[in-house]
Amino acid sequence: MGYTQYMNESWVPEISTSESESSTVGFNVGRLTVPVGYQPVGAQLSEMIARSSFDVTIVRYPSIHADLAFGLQHPDLVSWQADTLMYFETDRHLEAKSHSKVELNRLEVDSAKSLSQIVEDIFHGYTNHYAASPLFEGVNIGRAYSDWAMKSVGQPNRSVYSASRGVDAVVGITVVDTSTVDYDEVLLAGITPDARRAGNYTSMLSLVINESVKSGKRVVISTQVSNVGVIRAWVKLGMLPVLALNTLHVVKRSTLDTYVSSQVK
Ligand SMILES: CC(C)(COP(=O)(O)OP(=O)(O)OC[C@H]1O[C@@H](n2cnc3c(N)ncnc32)[C@H](O)[C@@H]1OP(=O)(O)O)[C@@H](O)C(=O)NCCC(=O)NCCS
(Lines give C-alpha, C1' and ligand atoms only; values in the text may rest on other atoms or scores of the structure.)
Protein backbone atom coordinates (compact mmCIF):
# COMPACT_ATOMS: atom_id res chain seq x y z
CA MET A 1 0.00 0.00 0.00
CA GLY A 2 0.98 3.60 -0.39
CA TYR A 3 3.17 3.67 -3.52
CA THR A 4 3.14 7.49 -3.34
CA GLN A 5 4.86 7.34 0.04
CA TYR A 6 7.79 5.44 -1.48
CA MET A 7 8.16 8.01 -4.24
CA ASN A 8 8.29 10.95 -1.80
CA GLU A 9 11.39 12.98 -2.66
CA SER A 10 11.18 15.40 0.26
CA TRP A 11 11.17 12.75 2.97
CA VAL A 12 12.20 13.55 6.52
CA PRO A 13 12.87 10.45 8.68
CA GLU A 14 10.16 10.26 11.30
CA ILE A 15 7.96 7.62 12.86
CA SER A 16 4.23 8.12 12.64
CA THR A 17 1.79 6.76 15.18
CA SER A 18 -0.47 4.01 13.96
CA GLU A 19 -3.51 4.67 16.10
CA SER A 20 -5.70 1.90 14.74
CA GLU A 21 -2.98 -0.74 15.14
CA SER A 22 -2.04 0.53 18.61
CA SER A 23 -5.60 0.38 19.87
CA THR A 24 -6.13 -3.12 18.43
CA VAL A 25 -3.01 -4.71 19.89
CA GLY A 26 -2.75 -2.72 23.12
CA PHE A 27 0.78 -1.33 22.76
CA ASN A 28 2.31 1.59 20.88
CA VAL A 29 2.80 0.84 17.19
CA GLY A 30 4.66 3.22 14.88
CA ARG A 31 5.34 3.20 11.16
CA LEU A 32 8.56 4.25 9.47
CA THR A 33 8.52 4.34 5.67
CA VAL A 34 11.80 4.80 3.81
CA PRO A 35 11.19 5.97 0.24
CA VAL A 36 13.03 5.10 -2.95
CA GLY A 37 15.90 7.47 -3.63
CA TYR A 38 16.78 8.01 0.02
CA GLN A 39 19.99 6.44 1.25
CA PRO A 40 19.02 5.39 4.77
CA VAL A 41 21.60 5.39 7.54
CA GLY A 42 20.83 2.42 9.76
CA ALA A 43 22.53 3.78 12.89
CA GLN A 44 20.57 7.03 12.65
CA LEU A 45 17.23 5.25 12.18
CA SER A 46 17.83 2.67 14.92
CA GLU A 47 18.75 5.43 17.39
CA MET A 48 15.55 7.26 16.49
CA ILE A 49 13.47 4.10 17.00
CA ALA A 50 15.21 3.26 20.30
CA ARG A 51 14.50 6.75 21.68
CA SER A 52 10.88 6.79 20.52
CA SER A 53 7.86 5.88 22.62
CA PHE A 54 6.92 3.06 20.24
CA ASP A 55 6.97 -0.52 21.48
CA VAL A 56 6.93 -1.83 17.92
CA THR A 57 7.99 0.09 14.82
CA ILE A 58 7.00 -1.33 11.45
CA VAL A 59 9.72 -0.31 9.02
CA ARG A 60 9.17 -0.49 5.24
CA TYR A 61 12.10 0.17 2.94
CA PRO A 62 13.11 -0.59 -0.63
CA SER A 63 14.62 -4.10 -0.69
CA ILE A 64 17.61 -2.68 -2.57
CA HIS A 65 18.78 -1.23 0.78
CA ALA A 66 19.50 -4.75 2.05
CA ASP A 67 22.07 -3.35 4.50
CA LEU A 68 19.25 -1.94 6.67
CA ALA A 69 18.35 -5.44 7.92
CA PHE A 70 21.60 -5.43 9.88
CA GLY A 71 21.92 -1.64 10.07
CA LEU A 72 18.95 -1.34 12.43
CA GLN A 73 20.64 -3.51 15.10
CA HIS A 74 20.73 -1.67 18.44
CA PRO A 75 21.28 -2.90 22.02
CA ASP A 76 17.72 -1.87 23.00
CA LEU A 77 16.00 -3.28 19.91
CA VAL A 78 15.23 -6.65 18.37
CA SER A 79 14.25 -6.74 14.70
CA TRP A 80 13.20 -9.33 12.16
CA GLN A 81 12.02 -9.57 8.59
CA ALA A 82 8.21 -9.71 8.47
CA ASP A 83 7.47 -9.75 4.75
CA THR A 84 8.41 -8.46 1.31
CA LEU A 85 5.97 -6.55 -0.89
CA MET A 86 6.14 -6.60 -4.67
CA TYR A 87 4.68 -3.79 -6.77
CA PHE A 88 3.56 -4.39 -10.36
CA GLU A 89 2.33 -1.89 -12.93
CA THR A 90 0.77 -1.56 -16.36
CA ASP A 91 -0.24 1.21 -18.72
CA ARG A 92 -1.87 -1.04 -21.30
CA HIS A 93 -5.53 -1.29 -22.14
CA LEU A 94 -6.62 -4.93 -21.76
CA GLU A 95 -8.85 -6.91 -24.04
CA ALA A 96 -11.50 -8.93 -22.19
CA LYS A 97 -10.13 -12.48 -22.40
CA SER A 98 -11.56 -13.80 -19.15
CA HIS A 99 -14.57 -16.08 -19.50
CA SER A 100 -16.14 -14.30 -16.54
CA LYS A 101 -17.56 -10.82 -16.89
CA VAL A 102 -18.27 -8.83 -13.76
CA GLU A 103 -19.82 -5.40 -13.43
CA LEU A 104 -18.18 -2.70 -11.32
CA ASN A 105 -20.44 -0.68 -9.04
CA ARG A 106 -19.00 2.38 -7.38
CA LEU A 107 -19.96 2.28 -3.70
CA GLU A 108 -21.41 5.17 -1.74
CA VAL A 109 -21.58 5.25 2.06
CA ASP A 110 -25.12 3.81 2.17
CA SER A 111 -24.63 1.11 -0.46
CA ALA A 112 -21.36 -0.04 1.16
CA LYS A 113 -22.73 -0.86 4.61
CA SER A 114 -24.18 -4.23 3.67
CA LEU A 115 -20.84 -5.35 2.21
CA SER A 116 -18.73 -5.23 5.34
CA GLN A 117 -19.22 -8.96 6.13
CA ILE A 118 -18.44 -9.93 2.52
CA VAL A 119 -15.14 -8.01 2.64
CA GLU A 120 -14.34 -9.63 5.98
CA ASP A 121 -14.92 -13.07 4.43
CA ILE A 122 -12.69 -12.25 1.43
CA PHE A 123 -9.72 -11.43 3.67
CA HIS A 124 -10.42 -13.95 6.45
CA GLY A 125 -7.08 -15.62 7.30
CA TYR A 126 -5.12 -13.48 4.83
CA THR A 127 -1.36 -13.64 5.51
CA ASN A 128 0.41 -10.32 5.83
CA HIS A 129 3.32 -9.14 7.99
CA TYR A 130 1.29 -9.49 11.20
CA ALA A 131 1.77 -13.26 10.86
CA ALA A 132 5.49 -12.73 11.60
CA SER A 133 4.87 -11.72 15.22
CA PRO A 134 2.81 -13.14 18.09
CA LEU A 135 2.47 -9.54 19.28
CA PHE A 136 -0.11 -9.08 16.49
CA GLU A 137 -1.99 -12.34 17.01
CA GLY A 138 -5.01 -10.45 18.39
CA VAL A 139 -5.61 -8.77 15.02
CA ASN A 140 -8.64 -10.06 13.13
CA ILE A 141 -7.21 -9.48 9.67
CA GLY A 142 -10.48 -9.89 7.79
CA ARG A 143 -12.20 -7.42 10.08
CA ALA A 144 -9.29 -4.97 9.91
CA TYR A 145 -9.31 -4.92 6.08
CA SER A 146 -13.08 -4.67 6.01
CA ASP A 147 -13.16 -1.73 8.45
CA TRP A 148 -10.44 -0.01 6.46
CA ALA A 149 -12.26 -0.57 3.14
CA MET A 150 -15.52 0.74 4.59
CA LYS A 151 -13.77 3.87 5.87
CA SER A 152 -12.41 4.47 2.35
CA VAL A 153 -15.92 4.76 0.89
CA GLY A 154 -16.81 8.38 0.16
CA GLN A 155 -13.27 9.67 0.81
CA PRO A 156 -11.87 12.13 -1.70
CA ASN A 157 -9.47 10.53 -4.21
CA ARG A 158 -10.67 7.04 -3.37
CA SER A 159 -12.89 4.86 -5.51
CA VAL A 160 -14.36 1.79 -3.89
CA TYR A 161 -16.12 -0.70 -6.18
CA SER A 162 -17.93 -3.91 -5.67
CA ALA A 163 -17.79 -6.42 -8.50
CA SER A 164 -20.97 -8.29 -9.18
CA ARG A 165 -22.27 -11.01 -11.43
CA GLY A 166 -25.98 -10.76 -12.03
CA VAL A 167 -28.37 -8.92 -9.76
CA ASP A 168 -26.99 -8.47 -6.22
CA ALA A 169 -24.40 -11.26 -6.55
CA VAL A 170 -21.38 -9.44 -5.17
CA VAL A 171 -18.24 -11.47 -5.79
CA GLY A 172 -15.48 -8.94 -5.13
CA ILE A 173 -14.29 -5.61 -3.83
CA THR A 174 -11.58 -3.19 -4.85
CA VAL A 175 -10.29 0.08 -3.38
CA VAL A 176 -8.43 2.44 -5.71
CA ASP A 177 -6.41 5.52 -4.79
CA THR A 178 -6.83 8.10 -7.57
CA SER A 179 -4.92 10.96 -5.92
CA THR A 180 -1.85 10.92 -8.17
CA VAL A 181 -1.68 12.49 -11.63
CA ASP A 182 0.32 9.74 -13.39
CA TYR A 183 -1.07 6.58 -11.87
CA ASP A 184 -3.88 5.03 -9.88
CA GLU A 185 -3.03 2.56 -7.13
CA VAL A 186 -5.15 -0.46 -6.36
CA LEU A 187 -4.90 -0.58 -2.56
CA LEU A 188 -7.03 -3.63 -1.94
CA ALA A 189 -8.76 -6.19 -4.14
CA GLY A 190 -10.23 -9.61 -3.55
CA ILE A 191 -12.86 -12.14 -4.54
CA THR A 192 -15.21 -14.07 -2.24
CA PRO A 193 -13.94 -17.59 -1.47
CA ASP A 194 -16.74 -19.39 -3.33
CA ALA A 195 -16.27 -17.29 -6.52
CA ARG A 196 -12.53 -17.88 -6.99
CA ARG A 197 -10.74 -19.51 -9.93
CA ALA A 198 -13.53 -18.49 -12.27
CA GLY A 199 -11.89 -15.43 -13.82
CA ASN A 200 -13.70 -12.91 -11.61
CA TYR A 201 -10.58 -11.17 -10.34
CA THR A 202 -9.16 -10.97 -13.87
CA SER A 203 -12.38 -9.40 -15.07
CA MET A 204 -12.61 -6.95 -12.12
CA LEU A 205 -9.00 -5.81 -12.37
CA SER A 206 -9.18 -5.45 -16.16
CA LEU A 207 -12.10 -3.05 -15.79
CA VAL A 208 -10.21 -0.98 -13.20
CA ILE A 209 -7.08 -0.89 -15.39
CA ASN A 210 -9.00 0.10 -18.52
CA GLU A 211 -10.74 2.92 -16.65
CA SER A 212 -7.37 4.34 -15.50
CA VAL A 213 -5.67 3.88 -18.87
CA LYS A 214 -8.60 5.66 -20.53
CA SER A 215 -7.89 8.69 -18.34
CA GLY A 216 -4.19 8.62 -19.26
CA LYS A 217 -2.88 6.92 -16.11
CA ARG A 218 -1.01 3.71 -15.43
CA VAL A 219 -1.99 1.36 -12.61
CA VAL A 220 0.19 0.12 -9.74
CA ILE A 221 -0.69 -2.70 -7.37
CA SER A 222 1.13 -4.65 -4.67
CA THR A 223 1.03 -7.77 -2.57
CA GLN A 224 3.15 -9.96 -0.32
CA VAL A 225 5.71 -11.87 -2.38
CA SER A 226 4.22 -15.08 -0.93
CA ASN A 227 0.87 -14.36 -2.63
CA VAL A 228 1.88 -16.19 -5.79
CA GLY A 229 -1.73 -16.78 -6.87
CA VAL A 230 -2.44 -13.11 -7.42
CA ILE A 231 1.02 -12.47 -8.90
CA ARG A 232 0.27 -15.14 -11.52
CA ALA A 233 -2.95 -13.31 -12.35
CA TRP A 234 -0.99 -10.05 -12.87
CA VAL A 235 1.58 -11.79 -15.04
CA LYS A 236 -1.21 -13.21 -17.18
CA LEU A 237 -2.57 -9.67 -17.55
CA GLY A 238 0.86 -8.48 -18.76
CA MET A 239 1.74 -6.44 -15.66
CA LEU A 240 5.43 -5.90 -14.89
CA PRO A 241 7.30 -5.77 -11.56
CA VAL A 242 8.44 -2.31 -10.58
CA LEU A 243 9.43 -2.24 -6.89
CA ALA A 244 10.21 -4.56 -3.97
CA LEU A 245 9.91 -3.45 -0.33
CA ASN A 246 10.94 -5.23 2.84
CA THR A 247 8.99 -4.99 6.07
CA LEU A 248 10.86 -5.26 9.36
CA HIS A 249 9.31 -5.44 12.80
CA VAL A 250 11.57 -3.53 15.16
CA VAL A 251 10.61 -4.23 18.76
CA LYS A 252 11.92 -2.72 21.99
CA ARG A 253 13.89 -5.44 23.76
CA SER A 254 11.99 -4.67 27.00
CA THR A 255 8.63 -5.18 25.21
CA LEU A 256 9.76 -8.51 23.83
CA ASP A 257 11.16 -9.63 27.21
CA THR A 258 7.84 -8.82 28.87
CA TYR A 259 5.98 -10.78 26.21
CA VAL A 260 8.30 -13.80 26.46
CA SER A 261 8.10 -13.82 30.29
CA SER A 262 4.31 -13.72 30.10
CA GLN A 263 4.40 -16.90 27.97
CA VAL A 264 6.57 -18.85 30.41
CA LYS A 265 4.33 -20.90 32.68
C1 LIG B 1 -6.02 -13.90 -5.34
C2 LIG B 1 -7.49 -13.74 -5.77
C3 LIG B 1 -7.80 -12.26 -5.90
C4 LIG B 1 -7.69 -14.42 -7.12
O5 LIG B 1 -9.04 -14.23 -7.52
P6 LIG B 1 -9.71 -15.20 -8.60
O7 LIG B 1 -11.04 -14.62 -9.01
O8 LIG B 1 -9.69 -16.58 -8.08
O9 LIG B 1 -8.67 -15.05 -9.81
P10 LIG B 1 -8.91 -15.51 -11.32
O11 LIG B 1 -9.94 -16.60 -11.37
O12 LIG B 1 -9.17 -14.31 -12.16
O13 LIG B 1 -7.50 -16.17 -11.63
C14 LIG B 1 -6.62 -15.69 -12.63
C15 LIG B 1 -5.32 -16.45 -12.55
O16 LIG B 1 -4.64 -16.14 -11.34
C17 LIG B 1 -3.90 -17.29 -10.90
N18 LIG B 1 -4.43 -17.71 -9.59
C19 LIG B 1 -5.50 -17.21 -8.93
N20 LIG B 1 -5.64 -17.83 -7.74
C21 LIG B 1 -4.63 -18.72 -7.66
C22 LIG B 1 -4.22 -19.65 -6.68
N23 LIG B 1 -4.88 -19.79 -5.52
N24 LIG B 1 -3.12 -20.40 -6.92
C25 LIG B 1 -2.44 -20.28 -8.08
N26 LIG B 1 -2.78 -19.42 -9.06
C27 LIG B 1 -3.86 -18.66 -8.84
C28 LIG B 1 -4.11 -18.35 -11.93
O29 LIG B 1 -3.10 -18.24 -12.90
C30 LIG B 1 -5.46 -17.95 -12.50
O31 LIG B 1 -5.69 -18.43 -13.78
P32 LIG B 1 -6.31 -19.93 -13.96
O33 LIG B 1 -7.46 -20.07 -13.00
O34 LIG B 1 -6.69 -19.95 -15.40
O35 LIG B 1 -5.19 -20.87 -13.61
C36 LIG B 1 -8.43 -14.40 -4.71
O37 LIG B 1 -7.95 -15.70 -4.43
C38 LIG B 1 -8.53 -13.62 -3.42
O39 LIG B 1 -9.38 -12.72 -3.29
N40 LIG B 1 -7.67 -13.94 -2.41
C41 LIG B 1 -7.69 -13.25 -1.12
C42 LIG B 1 -7.34 -11.77 -1.23
C43 LIG B 1 -6.09 -11.53 -2.05
O44 LIG B 1 -5.12 -12.27 -2.02
N45 LIG B 1 -6.09 -10.38 -2.75
C46 LIG B 1 -4.97 -9.95 -3.56
C47 LIG B 1 -3.96 -9.13 -2.81
S48 LIG B 1 -4.63 -7.71 -2.01
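**Entry 1: Asn 157**

I started with a single residue. With 11 C-beta neighbours inside 10 Å, Asn 157 counts as exposed, because the cut-off for exposed is 12 or fewer. I noted that this is a predicted model. Next I looked up where Asn 157 sits: in the loop between α7 (141-152) and β6 (158-164). Then I checked its backbone. Asn 157 has a positive phi of about 60°, although it is not a glycine.

**Entry 2: Arg 197**

I turned to Arg 197. Its phi is near 60°, a positive value in a residue other than glycine. Which loop holds Arg 197? I found it between β8 and α8. Is Arg 197 buried or exposed? It is exposed, with 8 other C-beta atoms within 10 Å.

**Entry 3: Glu 185**

I moved on to strand β8, where Glu 185 is found. Glu 185 counts as buried, because it has 23 C-beta neighbours inside 10 Å and the cut-off for buried is 20 or more. I then asked which residues Glu 185 touches. Leaving out residues up to four places away in sequence, I listed Tyr 3, Val 176, Asp 177 and Val 220. I also checked Ser 222. It is 37 residues from Glu 185 along the chain, yet their C-alpha atoms are separated by 8.7 Å.

**Entry 4: Helix α3**

Here I looked at residues 42-51, which form α3. Which of its residues are buried? I noted Leu 45, Ser 46 and Ile 49. They cover an arc of only 95° around the axis, so they lie on the same side of α3. I then followed the buried residues of α3 to their partners. They pack against β2 (29-33), β3 (56-62), β4 and β10.

**Entry 5: Two domains**

I looked up the domain assignment. It gives domain 1 (3-86 + 245-263) and domain 2 (89-240). How far apart are the C-alpha centres of the two domains? They lie 27 Å apart. The contact takes 14 residues from domain 1 and 16 residues from domain 2. On the side of domain 1 that touches domain 2, the elements giving two or more residues are α1 (3-6), α2 (19-25), β4 (77-90) and β10 (240-252). β4 gives the most to this side, with six residues. I sorted the residues of this side by type: eight are nonpolar, five polar and one charged.

**Entry 6: The nonpolar core**

I then looked up the largest nonpolar core, which has 55 residues. Those with the most contacts inside it are Val 59, Ala 149, Val 186, Met 204, Leu 205 and Val 208. Where does this core draw its residues from? At least three come from each of domain 1 and domain 2. I picked out Leu 205. It touches Ala 189 and Leu 237, not counting residues up to four places away in sequence.

**Entry 7: Around the ligand**

Last, I went to the ligand. How many residues surround it? I noted 21, and the closest are Gly 190, Arg 196, Tyr 201, Gly 229 and Ala 233. The elements giving two or more residues to this shell are β8 (183-191), α8 (200-214) and α9 (228-236). The largest share, five residues, comes from α9. By type, the shell divides into ten nonpolar, seven polar and four charged residues.

Notes. Residues are numbered from 1 along each chain as its sequence is written. This is a predicted model: local features need pLDDT of at least 70, side-chain atom pairs count only at pLDDT 80 or more; totals for chains, interfaces and linings use all residues. A nonpolar core is a set of buried Ala, Val, Leu, Ile, Met, Phe, Trp, Tyr and Cys residues joined through C-beta atoms within 7 Å. Domain bounds come from an automatic or database domain assignment. Two residues are in contact if their C-beta atoms, placed from the backbone, lie within 7 Å. A residue is near a molecule or strand if its C-beta atom, placed from the backbone, lies within 6 Å of it. Helices (H or I, at least four residues) and strands (E, at least two) are DSSP runs, numbered from the N terminus. Ala, Val, Leu, Ile, Met, Phe, Trp, Tyr, Cys and Pro count as nonpolar, Asp, Glu, Lys and Arg as charged, and the others, Gly among them, as polar. The arc is that of the directions from the helix axis to the C-beta atoms.
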